[in-house]
Amino acid sequence: MHSKRWVVLGLALLNCFVWADEGMWTFDALPKATLKETYGFEAPPTFWEHMQLASLRIAGGCSASFVSPQGLVMTNHHCAVECVEHLSSRSMDYVKNGFWAPKATQEKRCPDMELNQLIEITDVTQSVKEATLNLYGLAFKHALNEVVSTLKKDCQSSPQLRCEMVNLYRGGFYHLYKYQKYSDVRLVFAPEAAVAFFGGDLDNFSFPRYDLDVSFLRVYAENKPLASPHYFKWSFSEPQEGDLAFVSGNPGGTSRLLTAAQLRYVRDHAWPRRIARLSELRAMLKAYSERGPEEKRTAATLLFSVENSLKVIRGRHAALADRNFFSAKAAAERALQDKVNASAEWKDYASVWTSIENIVAKQTRHAPEYLAVEDAFRASTLFGFARALLRAAEEREKPNASRLSEYSDANLPNIETLLTHKAPLYPKLETALLRFELEKIREALGVDHPFVKTLLGKDTPARVAARLVSKTQLADVKVRKKLWEGGAQAIAQSKDAMLLFAKLADPHGRAIRKIWETEVETPATKEGERLAQLRFQLLGASLYPDATFTLRLSYGQVKGYEENGRPIPPLTRMGGLFERATDFEPFLLPARWKKAKARLNLNIPLNMVTTHDIIGGNSGSPILNAQGEVIGLVFDGNIQSLGGDYVFDAQLNRTVAVQAMGIVEALDKVYGAERLLTELREASKTTPAAAPMPPPAPKAAQPPPPPPAEMPAQTQETSNPATQPPPLKEGAKPAPAAAGPPAP
């Protein structure tokens, strides 16, 4: 990264402006004035209401949208690949060969998928603030748990609703998001993985790109396609460079509000640990995949997720390792501190940075044991089932305020959903993953640590893992459901090997978690509130908050960029796919594509880049033109965008998308998906009556050089600790073991 960029950033941190096209805006606080001033764009409230209701979130970590009035849903292939894998078998590999349902009756239900439609946002800040006023430590945490649980439970008036508390600006605002929940989701179309992820990890986070990373699903209600009055029409025209466009999706999490002390911790501790772990897990999965074709098939989705995460985190770590970035960050923070110290009005906030530094010191001390004990076993689905069953049985006996936060009454339906899904499990893979986890615990803590002795005794990780997986019955959904419904008595009486193992581990996990919550998590929340209050006094609440895996609007342009002095146009063409293809992976095209080449219009755009501000979780988001029509489908960012967790650069950061015309061309001439194409075309003939669209906005002139951007400093926010937002393109649903506070 260029040092000049960080000089500009240093100035930006002292101002309250944002870069052109920067921002992930909540739908109750859209930048309408900026859109009018910059692009001459205005739209009635119904335009934005329609966009909100046509947009969807995949509960496991991606975005999606309705694209027909019959419940048809568009998302990425990599966001639906877990469903595709679950529907596959040894004899029929839909991940490798693709899937298409020529008839409605052939659409297959995903064993484990939930879509969320945001239907209401309520500001509950006052209620939360009053409930936690002048409270500290565990008293603050218990009061917060109680008020959040009560508000969520009152909101969830039916099983078809999901309500989440969203913490914006790290305690500045608390909003309650109400979602319509759809769990009968069926697969309609998915291309072969080879063309959906053409170029593999080699091309990942790059451009030019030639991927057909798209899948279509359908939501059903009462065994019939859902009537969806809010959906996005399709654009059958090629976009032009400079065209205004919108992204409506669910960015998982950003860290643009971190302090310098918190960033140093991430740079020096959190990311190096994650990089080491993911590198070792990738090596293990690659070795496992080489055992045979079935091992390769069953490990493919997880391996994709791990490789993608590794690339994301390496990119973010590289951004933080840039000395000029930290110099600019530290200088801006010192200037803000000087401003606070010089004012009698703000002096009460002067200690907030020192307090956060002290919290970070405790975080540094406790994180290794916390990660190895309470945050362990994230790769093991079976252990996740066991711990969720065990803890739910115990926590349900307590008052809401005293429970582990993820087991509140309001969240129990979500835990039950995780425990009772019918997705297949693969014993060989589970054994390998559990062995990996046990080996990493022993390496991290040493053979003499009480937790290691409790888990292994004098046995080996390999033998313990093999015994547990072979002797547990938790792979059977009927067994899990019976234990869930039986509660504490059923858990106490069970002799299941994995449950007994979880009982051995649990006291150690609870002990380190109590330390973590008391000394790190709760104090950080309180200091975050103070820092948010200071920012509001200095800057007002006009800036967008960090991403929280909730619905956001980003605006931008279809626009190329320059890399190493070479101009990169915003569109790639179908012909480039065949020019890049070879006879070997990762550029090996499926046979049906080779046969279809003569029928294809090789000048049709296939992929494109835009200036939208996105992050992980935005995968599967529609890109819409000024009329609200689909022109693209977000699936990636360029390599420069990996630093977007901390700062947005409109000159270099680019969103990478599948272009709408390329999707249609492939459906028509490669797959012969006539039923799907007819549905898209018919849906685009008329505008949904409930959501009239505005007239086209005038094409925006190239904006002047952007003013310096305000980049506040604060920790990442999440709306629900049990569903941690993943990096870009990591769409796998977390196992129940992931329930708990964010990983340090």
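Which residue does the side chain of Lys440 meet in a salt bridge? The views below start there. This is a predicted model, in which local features need pLDDT of at least 70, side-chain atom pairs count only at pLDDT 80 or more, and totals for chains, interfaces and linings use all residues. Residues are numbered from 1 along each chain as its sequence is written, and side-chain values use heavy atoms, with hydrogens and water left out.

**View 1. Salt bridge between Glu443 and Lys440 in helix H16.** The side chain of Lys440 meets that of Glu443, at 2.9 Å from N to O. A salt bridge here is a side-chain nitrogen of Lys or Arg within 4 Å of a carboxyl oxygen of Asp or Glu. Both residues lie in helix H16 (residues 427–445), 3 residues apart, and so about one helical turn separates them. Helices (H or I, at least four residues) and strands (E, at least two) are DSSP runs, numbered from the N terminus. Glu443 is exposed, at 55% relative accessibility. Lys440 is buried, at 18%. Buried means under 20% relative accessible area, exposed means over 50%, and partly exposed lies in between (1.4 Å probe, protein chains only). The whole structure holds 45 salt bridges.

**View 2. Salt bridge between Glu527 and Arg530 in helix H20.** The two side chains meet at 2.8 Å, N to O. Glu527 and Arg530 are 3 residues apart in helix H20 (residues 497–539), with about one helical turn between them. Both residues are buried.

**View 3. Arg57 with Glu164 and Tyr179.** Arg57 and Glu164 form a salt bridge of 2.8 Å, N to O. Arg57 belongs to strand S2 (residues 55–58) and Glu164 to strand S8 (residues 161–168), so the pair ties together parts that are 107 residues apart in sequence. Arg57 is buried, at 2% relative accessibility. Glu164 is buried too, with a relative accessible area of 2%. The charged end of Arg57 also sits over the ring of Tyr179, 4.3 Å from the ring centre. For this contact, NZ of Lys or CZ of Arg must be within 6 Å of the ring centre and within 35 degrees of the ring normal.

**View 4. Arg480 over the ring of Phe385.** The charged end of Arg480 sits 4.0 Å from the centre of the Phe385 ring.

View 5. Rings of Phe, Tyr and Trp (its six-membered ring) pair if their centres lie within 6.5 Å; planes under 30 degrees apart count as stacked, over 60 as edge-to-face and the rest as tilted. By this rule there are 24 aromatic pairs. Phe47 is buried, with a relative accessible area of 1%. Trp48 is buried at 5%.

**View 6. Phe198 and Phe587, an edge-to-face pair.** The ring centres of Phe198 and Phe587 are 5.5 Å apart and the planes stand at 75°, so the pair is edge-to-face. Phe198 lies in the loop between helix H8 (193–196) and helix H9 (200–203), and Phe587 in the loop between helix H21 (574–580) and helix H22 (591–596), so the pair ties together parts that are 389 residues apart in sequence. Phe198 is buried, at 0% relative accessibility. Phe587 is buried, with a relative accessible area of 13%.

**View 7. An aromatic cluster.** Ring pairs link Trp100, Phe189, Phe216, Trp234, Trp593 and Tyr671.

**View 8. Strand S21 and its partners S18 and S20.** Strand S21 (residues 655–659) is mostly covered, with 5 of its 5 residues buried. Strand S18 (residues 605–610) pairs with S21 in the antiparallel sense over 4 bridges. Here Val609 has Val656 of S21 as its bridge partner. Strand S20 (residues 630–637) also pairs with S21 in the antiparallel sense, over 5 bridges. Gly632 stands opposite Gln659 in S21. Two strands pair if DSSP finds at least two bridges between them.

**View 9. The second largest pocket.** The space in this pocket comes to about 1,300 Å³. Of its 37 lining residues, the closest to the centre are Ala193, Ala194, Lys296, Ala300 and Glu585. Helix H11 (293–321) is one of the helices that supply at least two lining residues each. The largest share, 9 residues, comes from H11. A pocket is found on a 1 Å grid over the protein atoms alone, as an open set of points where a 1.4 Å probe fits, with protein on both sides within 12 Å along at least five of seven lines; lining residues have an atom within 4 Å of a point. Grid points are joined across faces, edges and corners, and a volume is the space filled by probe spheres set on the points.
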